[in-house]
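Thanks for coming. I'll go through one structure today, beginning with a hairpin, then its sheet, then a pair of helices, and ending with confidence.

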Amino acid sequence: MFNFLKRKKNNQSIELSDSELQFIKTVAEKLYQEFPQFLKQVEAGVFCGVTKNPGGSLGSYIYLLDSITWEKLSDKTVYNFDVKNIAYKTKSGEKGLVDLFISENLIIGYKIYSFTIPDILLSTIDVSNIYIKTFLNDDFKGIEPFIKKLTHKQLQKFNLVKNTYEISIDGVKYYPLISLDNGDLVAISLNGEIFQIIHDPLQIEKVSDNISDFVNTLQ
């Protein structure tokens with residue numbers, strides 16, 4: 001997605017200022033209940049610097065991150081997403097918004113609208129109206145209406161949700177959500193029903209009428 005993993009800062013990177021570090025720490029603390037991994041990322045010292053996103057729009061920045069620590073904390077089974085609509089007021093009282101870019105379940109950057117990070121009055125940061133924008137492959141589009149019903153924590157129980165694909169068996173299309181240790185799959189159909197695809201011998205067994213009921217059975 002972005003070239004954000006660095007073992008050392010390069011000549012074009014900007015050393016992380018105190019205001020940048022305090023901003024990301026404050027946001028991580030505010031989001032702790034839903035995204036506890038963000039604060040772990042801050043406390044582990046992953047952030048090395050920040051630079052303008054060369055392929056992004058105005059106000060878009062990417063953090064330079066320590067690659068060794070990143071590998072310890074990242075989760076490659078989680079899809080990329082943005083945490084949008086983080087509100088704040090500036091030190092002069094004006095309202096603003098900032099979005100976070102998330103990859104492999106960790107913060108990799110942000111987009112700030114109209115202002116800069118030093119302008120933010122940290123005590124006014126408000127995450128009560130955030131929403132999540134996901135980035136998934138084309139095979140996901142058919143089942144996305146069912147997946148949208150789930151919370152972020154519930155989605156983490158599905159280890160194939162980031163890279164689902166289409167399987168056609170006897171004319172019925174299935175989209176794997178979970179890869180089980182024995183090689184079987186848990187998949188969803190285009191009408192939202194949940195099935196287990198047993199690979200040896202091939203069998204299809206319905207396990208739930210809908211994903212909302214099914215996710216409640218998972219530990």
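Let's start with the hairpin: two residues make the link between strand S12 and strand S13. Keep in mind throughout that this is a predicted model. S12 covers residues 194-199, and six bridges tie it to S13, with the two strands running antiparallel.

In what order do its strands lie? The order is S9-S10-S11-S12-S13, an open sheet of five strands with antiparallel pairing. In general, strands in a sheet pair through hydrogen bonds of the backbone, and the pairing can be parallel or antiparallel.

Which strands stand at the edges? They are S9, residues 167-169, and S13, residues 202-208. Each has a single partner strand, so one side of each has no neighbour in the sheet. Going from one strand to the next, the twist averages 40°.

Further along in the order, S10 is made up of residues 172-179 and S11 of residues 185-189. These two strands are antiparallel and are joined by five bridges. If you want a position to look at, find Tyr 175, whose bridge partner in S11 is Ile 188.

Next, the helices. As a rule, a packed pair of helices is described by the distance between the axes and the angle between them. Here the pair is H1 and H2, the latter being residues 36-43, and their axes come within 7 Å and cross at roughly 150°. Angles over 145 degrees count as roughly antiparallel, so that is how H1 lies relative to H2. The crossing of these two helices is left-handed.

Which residues make the contact? From H1 they are Ile 24, Lys 25, Ala 28 and Glu 29, and from H2 they are Phe 38, Leu 39 and Val 42. Sorted by class, the contact of H1 with H2 comprises five nonpolar residues, two charged ones and no polar ones.

Last, confidence. The protein has a mean pLDDT of 85, with 90% of its residues at 70 or more. Among its elements, helix H1, residues 18-30, has the highest mean, 96. The lowest, 46, belongs to strand S1, residues 5-6. Over residues 1-12 pLDDT stays under 50, and the model has 25 contacts beyond four places in sequence for that stretch.

Definitions and conventions
Residues are numbered from 1 along each chain as its sequence is written. This is a predicted model: local features need pLDDT of at least 70, side-chain atom pairs count only at pLDDT 80 or more; totals for chains, interfaces and linings use all residues. Side-chain values use heavy atoms; hydrogens and water are left out. Two strands pair if DSSP finds at least two bridges between them. Helices (H or I, at least four residues) and strands (E, at least two) are DSSP runs, numbered from the N terminus. Axes are lines fitted to C-alpha atoms, for helices over the stretch in contact, and angles run from 0 to 180 degrees between N-to-C directions. pLDDT is the predictor's confidence in each residue, from 0 to 100. Contact means heavy atoms within 4.5 Å. Angles under 35 degrees count as roughly parallel, over 145 as roughly antiparallel, 65 to 115 as roughly perpendicular and the rest as oblique. A crossing is left-handed if the near helix is turned anticlockwise from the far one by less than a right angle, and right-handed if clockwise. Ala, Val, Leu, Ile, Met, Phe, Trp, Tyr, Cys and Pro count as nonpolar, Asp, Glu, Lys and Arg as charged, and the others, Gly among them, as polar.
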